[in-house]
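Hi,

Here is the structure I promised to pass on.

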Amino acid sequence: GMVAIETMAAGTPVINTDFGAFSETNIHGKTGFRCHTLAEFCEAVEESGNLDRSKIHEYAISKYSTDTVGPQYEKYFQRLDTLNGAGWYA
């Protein structure tokens, strides 16, 4: 999944399958295309030039930059710290 995110951060449209994390990270028709068939992959190559590269970059940074993800990890680790003691029941 990181390759797709790194690609979007560079402003490059992503063309991939519709399996696994790709279905969560690549927004079909906005940041790239998720394909099922050879014909869909060929069409995606043709259409990828029509996507706004700056918007692809902005989306990736807004969702996956360290400024965005860092606080999420901090919150997660703080919650883990509450497991000692009352834990779930706190």
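Tyr73, Tyr76, Phe77, Leu80 and Leu83 make up a nonpolar patch on the surface, and together they have about 540 Å² of accessible area. The areas come from the Shrake-Rupley method with a 1.4 Å probe, and for residues only the protein chains shown count as cover. A patch here takes residues with over 30% relative accessible area and no salt bridge, joining like charges within 9 Å and nonpolar side chains (Val, Leu, Ile, Met, Phe, Trp, Tyr) within 5 Å. Leu83 sits in the segment after helix H5 (66–81), and with a relative accessible area of 52% Leu83 is exposed. For that word and its relatives, the cut-offs are: buried under 20% relative accessible area, exposed over 50%, partly exposed in between (1.4 Å probe, protein chains only).

Before going further, some housekeeping. This is a predicted model, in which local features need pLDDT of at least 70 and side-chain atom pairs count only at pLDDT 80 or more, while totals for chains, interfaces and linings use all residues. Residues are numbered from 1 along each chain as its sequence is written, and side-chain values use heavy atoms, with hydrogens and water left out. Helices (H or I, at least four residues) and strands (E, at least two) are DSSP runs, numbered from the N terminus.

Now to helix H4, residues 53–64. H4 has 12 residues and spans 16 Å from its first C-alpha to its last, close to the 16 Å expected at 1.5 Å a residue (the expected span is 1.5 Å times one less than the number of residues). Which residues of H4 are buried? They are Ile56, Tyr59 and Ala60. Looking down the axis of H4, these buried residues fall within an arc of 95°, so they line one face of the helix; the arc is that of the directions from the helix axis to the C-beta atoms. The general rule behind this sort of pattern is that an α-helix has 3.6 residues a turn, so residues three or four places apart point the same way. On the face of H4 turned away from its buried side you will find the exposed residues Lys55 and Glu58.

What do the buried residues of H4 pack against? Helix H1 (2–9) and helix H2 (22–25). Contact, here and below, means heavy atoms within 4.5 Å, and the contact lists that follow are for single residues.

From the H1 side, take Ala9, which lies in helix H1 and is partly exposed at 29% relative accessibility. Leaving out residues up to four places away in sequence, Ala9 touches His57, Ala60 and Ile61. Ala9 and His57 are 48 residues apart in sequence, yet their C-alpha atoms are 4.6 Å apart in space. His57 itself is in helix H4 and is partly exposed, with a relative accessible area of 34%.

From the H2 side, Thr25 lies in helix H2 and is buried, with a relative accessible area of 7%. Beyond residues up to four places away in sequence, Thr25 touches Ala4, Ile5, Met8, Thr31, Tyr59 and Tyr64. Phe22 is also found in helix H2, but counts as partly exposed at 28% relative accessibility. Apart from residues up to four places away, Phe22 touches Ala4, Asn16, Thr17 and Arg34.

How many salt bridges does the structure hold? The count is 1, where a salt bridge is a side-chain nitrogen of Lys or Arg within 4 Å of a carboxyl oxygen of Asp or Glu. The side chains of Arg34 and Asp18 meet in a salt bridge, at 2.6 Å from N to O. Arg34 lies in strand E2 and Asp18 in the loop between strand E1 (14–17) and H2, so the pair ties together parts that are 16 residues apart in sequence. Asp18 is partly exposed, at 23% relative accessibility.

Last one: His28, in the loop between H2 and strand E2 (32–35). His28 is partly exposed at 44% relative accessibility, and is in contact with Phe33 and Arg34 once its neighbours within four places in sequence are left aside.

Cheers
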